Amino acid sequence: NKSEHYSTQVRPPGTNRRIPQTIIIGVRKGGTRALLEMLDVHPNIVVAATEVHFFDWDENYVKGIDWYRSLMPFSYENQITIEKTPGYFTSPQAPERIHDMNSSIKLLLILRDPTERVISDYTQVYYNRLESHKSVQLFEDIVIKNGALNTKYKAIQRSLYDIHMEKWLKHFNLDQIHIVDGNTLIKDPLPELQKVERFLNLPSRIMSSNFYFNQTKGFYCIRSDGRERCLHESKGRPHPVVNSTVLEQLYSYFREHNAKFYKMINHSFDWH
Ligand code: A3P
């Protein structure tokens with residue numbers, strides 16, 4: 001059982017902690033946790049339990065590569081270590097720092113419709129604020145300021161995939177970055193995961209029997225090592241119903257950025 005290795009912190013003979021050969025760089029609310037947990041089903045993959053924030057937080061980056069490695073799980077030589085930190089995708093420093101560590105690294109980026117991502121981002125912040133007894137605002141009151149779209153809103157900025165991708169392509173070749181369709185991963189996870197297996201040159205080991213649809217949660221859950229588990233309740237939360245005019249404003253704001261992004265990656269998605 002892979003997950004026992006790093007919880008007990010005892011090094012199983014023949015294993016070591018290794019620097020990731022693959023990183024899930026984002027995007028925040030794209031489905032990064034689902035992607036990581038689903039890939040963890042693969043016998044040749046081990047995953048870091050928590051978001052490491054090594055390349056995007058200066059106070060961690062200064063601790064150096066040995067600190068980074070110390071946070072990785074034990075792995076056998078034939079296993080790939082993966083960590084996910086969704087903040088990397090939008091971080092100005094992460095591309096260069098990751099390139100400095102390993103210029104031939106393979107990166108995974110999971111994206112979903114940018115407007116949906118904004119609403120998901122808002123919903124997460126909304127619940128976090130409620131839990132810490134802070135004031136909350138309606139989605140529309142944040143997104144619209146003085147009658148116009150508030151393009152300074154961080155959640156909107158994070159959905160400008162073309163702007164962020166441009167920075168990554170300054171340091172990496174397009175074929176080093178595999179883009180996972182987050183909308184498809186929700187509806188039908190297996191084909192997306194099989195594409196990742198091929199990208200990572202791994203044998204096909206993730207099976208349809210590793211997933212089952214949970215009616216109550218409304219999402220796929222994972223079956224592996226004889227155990228069944230769904231993602232945490234904070235994953236797959238209901239979204240607020242957003243005013244249709246505001247939705248249209250968001251769609252039309254992102255349209256041009258999406259078109260640029262599709263050109264950049266030679267691939268298009270059926271986003272609004
Ligand atoms: P919502 O909670 O807005 O629906 P991240 O892990 O990057 O924060 O992404 C969270 C998103 O993962 C969720 O956003 C949800 O839509 C998506 N997701 C994809 N597959 C999922 C699954 N099997 N279970 C729960 N959430 C899943």
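**Strand pairing, burial and a disulfide in a predicted model**

Strands E2 and E5 run parallel and are joined by three bridges; two strands are taken to pair if DSSP finds at least two bridges between them. Helices (H or I, at least four residues) and strands (E, at least two) are DSSP runs, numbered from the N terminus. The structure is a predicted model, in which local features need pLDDT of at least 70 and side-chain atom pairs count only at pLDDT 80 or more, whereas totals for chains, interfaces and linings use all residues. Residues are numbered from 1 along each chain as its sequence is written, and side-chain values use heavy atoms, with hydrogens and water left out.

Buried denotes under 20% relative accessible area, exposed over 50%, and partly exposed the range in between (1.4 Å probe, protein chains only).

Strand E5 spans residues 80-84 and contains threonine 81. Threonine 81 is buried, with a relative accessible area of 0%. When its neighbours within four places in sequence are left aside, threonine 81 is in contact with Arg18, Ile19, Pro20, Gln21, Thr22, Val46, Met72, Pro73 and Ser75, contact meaning heavy atoms within 4.5 Å.

A further sheet is formed by three strands; it is open, has the order E10-E11-E12 and is antiparallel in its pairing. Strand E10 (211-214) and strand E12 (227-229) lie at the edges with a single partner strand each, so one side of each is left without a neighbour in the sheet. Direction ignored, neighbouring strands of this sheet are turned by 30 degrees against each other on average; axes are lines fitted to C-alpha atoms, for helices over the stretch in contact, and angles run from 0 to 180 degrees between N-to-C directions. Four bridges connect E10 with strand E11 (residues 219-224) in the antiparallel sense. Among the paired residues, phenylalanine 213 has tyrosine 220 in E11 as its bridge partner.

One disulfide is counted under the criterion of a pair of cysteine sulfur atoms within 2.5 Å. This disulfide joins cysteine 221 to cysteine 230, with an S to S distance of 2.1 Å. The link of cysteine 221 and cysteine 230 is right-handed, with 95 degrees about the S-S bond. Cysteine 221 is buried, at a relative accessible area of 1%, whereas cysteine 230 is partly exposed, at 30%.

The protein chain as a whole comprises twelve helices and twelve strands. Its radius of gyration is 19 Å, in agreement with the value near 19 Å for a compact globule of 272 residues; the radius is taken over C-alpha atoms, and the globule rule is 2.2 Å times the number of residues to the power 0.38. Along the principal axes, the C-alpha atoms fill a box of roughly 65 × 45 × 40 Å. Buried residues account for 49% of the 272 residues. Of the contacts between residues at least 6 apart in sequence, 73% join residues at least 24 apart. The protein chain exposes about 13,600 Å², of which carbon and sulfur atoms supply 50%; accessible areas come from the Shrake-Rupley method with a 1.4 Å probe, and for residues only the protein chains shown count as cover.
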